[in-house]
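Dear colleague,

Please find the structure below. My notes on it follow.

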Protein chains: 2
Amino acid sequence: MLSQRMSNLHPYVPGEQPKDRAYIKLNANENPYPPSPKVIDAVRKAVKKNPEKMSLYPDPDSNALKEAIADMLNKTGGVLCRSNLEGGKKNGSGALVTPGDFDKIPFVVTPDMIYAGNGSDEVLSFVFYAFFDSDRKLVLPEHTYSFYPVYGGFYDIPLNKIPLNADWTLNKEKMLEQANLSDSSIIFANPNAPTSLGLTRDEVREMIKKAPKDRVFVVDEAYVDFGGESCIPLLAEFQNLVIVRTTSKSLCGAGQRIGYLVAHKELVNAVTTVKNSLNHFPLDFVAQTAGTAACKDAGYYVKCAQDVAFERDEFIDFLREKGWNVLDSQTNFIFCRKDGVNGESAYRKIKENGILVRRFDTPGIEEYLRITVGTHEQMAALREVMQKM
Amino acid sequence: MLSQRMSNLHPYVPGEQPKDRAYIKLNANENPYPPSPKVIDAVRKAVKKNPEKMSLYPDPDSNALKEAIADMLNKTGGVLCRSNLEGGKKNGSGALVTPGDFDKIPFVVTPDMIYAGNGSDEVLSFVFYAFFDSDRKLVLPEHTYSFYPVYGGFYDIPLNKIPLNADWTLNKEKMLEQANLSDSSIIFANPNAPTSLGLTRDEVREMIKKAPKDRVFVVDEAYVDFGGESCIPLLAEFQNLVIVRTTSKSLCGAGQRIGYLVAHKELVNAVTTVKNSLNHFPLDFVAQTAGTAACKDAGYYVKCAQDVAFERDEFIDFLREKGWNVLDSQTNFIFCRKDGVNGESAYRKIKENGILVRRFDTPGIEEYLRITVGTHEQMAALREVMQKM
């Protein structure tokens, strides 16, 4: 009774959510801090003062939320905190930069440059539908957000996966060469997952310059707020750039399901058309309220991101001292392995001790652990376990 | 820069949401009553007591919600209120039946027979993807929920639209004939929109018996709670039946975006696979909380549905006395026209008086108005305007 297209599906497998005991969850790159008290207040007030709004269809275009997002991006320069990687200081000593300390964004984001949807997963799926064709191979890194190939299967979009360099950085040259050969789009996460490594804005600029001009170029900035460089300012230079973002990580909003993209109006309109052909009201009234309140209190989340970055760098120092091979992280997670330590055994050992981390059964990265950065207490518990590994 | 498939899209056009003045909104078939106070309390408590849940990914499968839905369906017999149409009494005198008064559902719905998603629009779109193929024409009534053709365009599923009978009922024979000719699925809303007319369960049973066995048969019960007959008990007889429902209408939840379907496990699993290939976490934490609380307080919504049905029947009596041609409604809306009254002019006149109703610019129904049933006060205001028409 199933449609023929069902045979194309290879569903996404997220971090496990076992219920056999209460685990410390460091496996889904969630933010360990609760949302701003202002978000809680906004939700409580909204449902008490305007209960009838729960009975009426919400604003289909989330206009108040889009205004708040644009305002937040313009005020913060596009990222909430950034490690001072340029200064040559690496993890553990990276000076954390707060809004105002670094370059103002040389580009003003307006609400009509934003599309907001039900988590960046939904936004990404609409991007795949709107911009990628079935007659040419989408170019992406071999190791990146593992939902991209799932969308490819869903919409019958063939993929051209380019292996990473030996140091886990993107093979920019090869990606560009392949994209130009087939006049294709490029997509990757920046910083990338699960590697935690990012390209600088200048590196991305050079890529877009050399990529096909008539194809959309997608940068997924899910993790940018913890230490990356946002490519939003590049919208001043490129009409074909689409930047996908989420409130799930840095805005403590995974439970609220709000993702968005920033692009020129014509591309935003195309994604809106997709939305209106599938689910006219993707974001509920309460989620819009919560997301708007979150964006208006960016300062709270700057502090959360700084705390995450601090714990991350402390933990990276610890792991390196213990002989682990750890990539420099610009994200809220750590990608690491150790010679002589089997990835699967390490994962199991940690789980036995009540802590969940993520390990991918994917050739090339099987020996690595991806550890989400939690609170100081959570990382202390993990340190206790990994002390002996 | 757009994909080739973008040219297939014909986005859904919902009821207008003008902002030039405060209108009485009787154009989107929303429920005029706020949700149960228990829903408001549940949301307020959840975000206060467990704010960290807003930072963590929600239950991807909405298990608590599915349990509450199954429990509600089993307790209420599948509908919240029903006009006593069988007794020969029509609108205006229909005895409203409360749970327990009518036949117990001869079938127990279990949570694994339910899929819950981001509004029934999303659920429907997944149904189109999972069950309808591009190589045969899906059979549906010419006039029915206008989002179905949009999904057809989105997924490249051809349609076979069967004209309604002269009395606006479904042409069951023609639909079956066409479905059998091409071994196709059938979909329709029951009660149907915008006609407000429903088939009895027995009529649907006869249809499913004669329809292709190896194809899914979809009944959209968005409006069933206001006076229809649910086909959920037919799941005891048919493996290929899919029933789509929503909390947007009878559960005062349009602002919360929760739809669901009821079907045998194998079909639920297929839709879940679609979900996991597109958006793993479609329902946010707060929406799950609100929906669960709503289903647990069905009694409140029985009262809302009864009040809506009462106002509806009163208003239908009024319209008929004024010479309007009104279909017998089993829904929370009224479909009507009057000889000598131009549909567009009537719509405009009502709008000028601060009330929005719906009119479709679709050949065959241009002269009709679709009026959502509001509160007693809202209907009194509309009566005032239509008194002179």
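**Helix packing in chain A**

In H2(A), A:Ala64, A:Leu65, A:Ala68, A:Ile69, A:Asp71 and A:Met72 meet A:Gln288, A:Gly291, A:Thr292, A:Cys295 and A:Lys296 of H8(A); contact requires C-beta atoms, placed from the backbone, to lie within 7 Å, and helices (H or I, at least four residues) and strands (E, at least two) are DSSP runs numbered from the N terminus. By class, this contact of H2(A) with H8(A) has six nonpolar, three polar and two charged residues (Ala, Val, Leu, Ile, Met, Phe, Trp, Tyr, Cys and Pro count as nonpolar, Asp, Glu, Lys and Arg as charged, and the others, Gly among them, as polar).

This is a predicted model, in which local features need pLDDT of at least 70 and side-chain atom pairs count only at pLDDT 80 or more, while totals for chains, interfaces and linings use all residues. Residues are numbered from 1 along each chain as its sequence is written, with chains lettered from A and ligands numbered from 1 in the order in which they are written.

**Contact between the chains**

Chain A and chain B contribute 67 residues each to their contact. On the side of chain A that touches chain B, H3(A) gives the most, with seven residues. That side divides into 37 nonpolar, 17 polar and 13 charged residues.

**A sheet in chain B**

Three strands of chain B form an open antiparallel sheet in the order S9-S10-S12 (strands pair if DSSP finds at least two bridges between them). S9 (325–326) and S12 (369–372) of chain B each have a single partner strand, so one side of each is left without a neighbour in the sheet. S10(B) and S12(B) pair over four bridges; B:Cys336 has B:Leu369 in S12(B) as its bridge partner.

With kind regards

Terms used. Two residues are in contact if their C-beta atoms, placed from the backbone, lie within 7 Å.
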